[in-house]
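Me: I would like to learn how to read a model that holds two chains, beginning with the place where the chains meet and then turning to the fold of one of them. Could you take me through it step by step?

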Amino acid sequence: MLPPWSRFLIALLSSLLLFLEIITVPQTVYAAETHIPSATYYGAAVPDWGQVTFTSLPELTQGGFLQVPNSVVGQLGYDPSRSWSAGAALESVLLLGDVADSFGLQKFSMGAIASLTGLNLETLSLSNLPLLKEQTIASLVQAVPGLGNLPLAQVRPLYDLVTSSLSQTGREILSVANQTLSQIATHDILGSLSVNQLGDTLSQYSFTSIPGLEQTALGNLPGWQHTFIEEVPGLAHIPFASFPNSPVSGYFGFIAIHDVTYGGDRFHKESTRKPTQFSISGSYQVGFNYNCAQERGCDYLELNSPISLGVAGDPSRLHGARWIRGGDGPGEQMVQGGHGVLGQLNGGMEPTGRHPFGEVFKVVLTDTDESTGTGQFGLYFRVCSHGIIDLGCTPYFIGPVPWLSSKEKGLVFVGLTEGTAPHGIEQPPIPSEIQDQINQQGGGTDPSGTSGDSNLCGDGPAGVDWRALSDAITSIESAGSGVYSAVGQVHCDSQGCMIPLGRYQFMSFRNDLRAIVAKKPGGREFLSRLDAGYRPPASEMLRYFPASDQDALFKQAMTQDIQYYQRRGKQGDELLACLGENWYSGNCTHSSRRDYIGGPTVAEYGQRTVTGYRRSLQQRGKSTCNISSGQQGNGKATGTYTKPVTGGVITSPYGWRTHPITGNGSFHSGVDYGADRGTQVKAADGGVVVDVLNTCTEGNYACGGGYGNVVVIDHGNGRTTLYGHLQTNSIPWKKGQKVSKGQLIGRVGSTGRSTGPHLHFETSVNGKTVDPRQYGL
Amino acid sequence: MTLLKQLFRQWYWIAGGSITVLLLSTVSGILIGSYTPTIASAPSLPSTCLPQNLPGIRNPASELKLKQVSSTRYQGKEYRLYDVTRPATPMPFPYVVQIQGASCKGIYSNPMGDPDDYFHLAMPLPVARQLTLGRLQAAIQQAGGLPAFRDRLQRSQQQYGGVTQMAEEEVWAYQQMGLALPDNVRVVKATTR
């Protein structure tokens, strides 16, 4: 027992030491908020993709390098090896080839870039696009549409290139001047003349001096893969939302409350003393519930969920969840990443994190500061190659680019969550706006995702009623719920894993299903995860395999089956029984074999199909399809807009323009998205259809007042959106019907005053058009 | 007396100037009028000839305001170009209606404000030319006459060095008015109709 005076002395010395430490340790200063153009999503800061450009992003804060083995370079066709230093701009580090799948920047032509950025191609010289220096006459003729038909004399730079070459050999210039460039291109010597041979004089030629070049996609020009983004004039100034493969149309996922910050300074080390639990960070390879395996634990943000659904628990799985700090320093975690040949690079490791905005980049918690209660996030990028030979992707290791930050009790957008929710934690009540969000997630892009009703209608071969057959099969499958969002149990064996998906419980190994899913951005990775035994939440499954795809696949498969059994003389109830048995076991045998332990026999399944079909007809009658009657949505507006066409490039922006020669003014009341004829057009937000025209045919330039076939949706609060020039009879809606955000409302066409397939998209407030870009579109 | 002389001189100059202006305007009017399109207003359109199914417009006759810009006749049909204004949109859009006997139909309408406002898409080239010429003449009048318009045009041309596009009918109309266009104008030609 120490005497009282000694305890006083110890206390005094301790206080003094603590004071000294406080004044001698540099105070941790939280970095100034990075100026990322941002908007809010249910109160959480999210990037404003309509404003975010490469040039708007901060510079990389760490240097790095990518060294690709020669064997891989040979397969890639170009060498993506590079190094970069801290402070480098992202556009000076990323090549077009790195982001070909994710952003599709190679689909841009310089003309499209000019229209999006105001770049004047006439004043731009050929030397401004270094990629051109790698071109030969032959490669240009092959890449630039129509160029081969022109006489050499009409294309000044190439004429000068050829004639300067000929003068050295003494040939007659006049004889080649009138030859077409196609003829020149086939010439062994002349065709292989390189634009680079023009040397410094290349800067004297306007970009428009090669006709058609401005309309040529960058990806047509050999060597585009190893062109840095900064080497394409204007490209780094284009908003991400306008990219051909914009991965960022809207936001899809949950928000969390940033509850407590752990780690980051010398006084707060409790987070580093025990392993982390309830992780929601990781990678595509290890999943996103990957706890910190380091013995001393990791820094992290502890999250709280604003969402609870009573008996359903916490669907967002965020209550008590932890977002772990990524990196290879103290208190940070690295995880396995990448796949394929490229996945071996960087040691196959990447910082732990999440993908709230899809696969293009990874969001990593790069810093925590417990004393200020803040967390700083950063972006990491990767290199992929999915050419003829799929070389996979490197881990996400190019970064970090400083990103948004968060503060305790503030909101963080975490995207979709998966895996098992932490248990034993008290659930807070659900705010109504979050409930709406849950409902929206549950239904995915189709409002009927959570209902048991079929979207099918009409007759198939042999007069089979699609709705009744759908009801019959789903009365047995998807636990009888018939919901499109149903996800079955994972079954794994020595061959791999499989999982039944959706209303009809399609098995994930089906080639037809896999073909559909693989076409979606991130679909291939999603399938890989399913094959590895991953059980996705309903919302994620619907994202890759929405109700419309489920129905289409069901009809396609059943049509083949009906025709097959018809050819074998089956009809009536026996035909229906065979359809059911085949669906269950892959054959029509009426046998007493069971497909799985506890399941019905094959014959029982067939009989249940017949019973279910007859019951549906008795209760609901024959179904008929009405082209003007879509499956009604919830009509609820979220207040944010998603891009109405996937992959569409803005070919004509909103606003005033003046003809440079005549001075005539015109005001474009919306944005035009260039897209292939028949491309799906989706509602930018939920609402009520207030105007529909479906009967215009192409070539009538005044139909629909010039808009052609058109849909107008009222989103409430004076906000409306308009979708013009749609295909004839492609709109499954009537005036007064409700649509959900993301629901199909028609297909891209060229009706009304239009010269080619595109979508004219308008956003209005109180009857006046406003720039769609202000909504991040 | 001196005062009277001064008044007389002022009156002389006022009268002389007025006559000169009158003569000049008459001559220029004759010159411009030697081309066929009509700028003068014409009888109003029946409601069935107005733009139909324009989104947000329930009653075109009461909600739309039309101002005729030009008209022409071709192969027994009359074509009229109007500037149409919607209630919430101050910028008028071009609308062409074809009239034959008692029937009519809209054949071109650009409420979106697409900049490639090419009439030849929707009508025979001679019609597109005449209507465009009428529109150009209206623009010249609005600019304060041909010299003022030419000045504005030259200023635009001097400021802009890039290549731009103009429809075949538009280039033709400028030529008819004696307005030179620079070499950096690419002509968008009409396909055979």
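Reply: Let us begin with the interface, bearing in mind that this is a predicted model. One counts the residues on either side that touch the partner, and here 32 residues of chain A are in contact with 34 residues of chain B.

Me: Which strands of chain A each supply at least two residues of the side that touches chain B?

Reply: They are β22 (665–668), β25 (687–693), β26 (709–716) and β27 (719–726), and the largest share, three residues, comes from β22(A).

Me: How do the residues of that side of chain A divide into nonpolar, polar and charged?

Reply: On the side of chain A that touches chain B, ten are nonpolar, 17 are polar and five are charged.

Me: How many bridges join β5 to β15(A)?

Reply: Strand β5 (residues 254–262) of chain A is joined to β15(A) by four bridges, the two running antiparallel; F254(A), for instance, has G415(A) as its bridge partner in β15(A).

Me: And how many helices and strands are there in chain A?

Reply: Chain A has 15 helices and 31 strands, and 48% of its 777 residues count as buried.

Note on methods: Residues are numbered from 1 along each chain as its sequence is written. Chains are lettered from A and ligands numbered from 1 in the order in which they are written. This is a predicted model: local features need pLDDT of at least 70, side-chain atom pairs count only at pLDDT 80 or more; totals for chains, interfaces and linings use all residues. A residue is buried if 20 or more other C-beta atoms lie within 10 Å of its own, exposed if 12 or fewer, and partly exposed in between; C-beta atoms are placed from the backbone. Two strands pair if DSSP finds at least two bridges between them. Two residues are in contact if their C-beta atoms, placed from the backbone, lie within 7 Å. Ala, Val, Leu, Ile, Met, Phe, Trp, Tyr, Cys and Pro count as nonpolar, Asp, Glu, Lys and Arg as charged, and the others, Gly among them, as polar.
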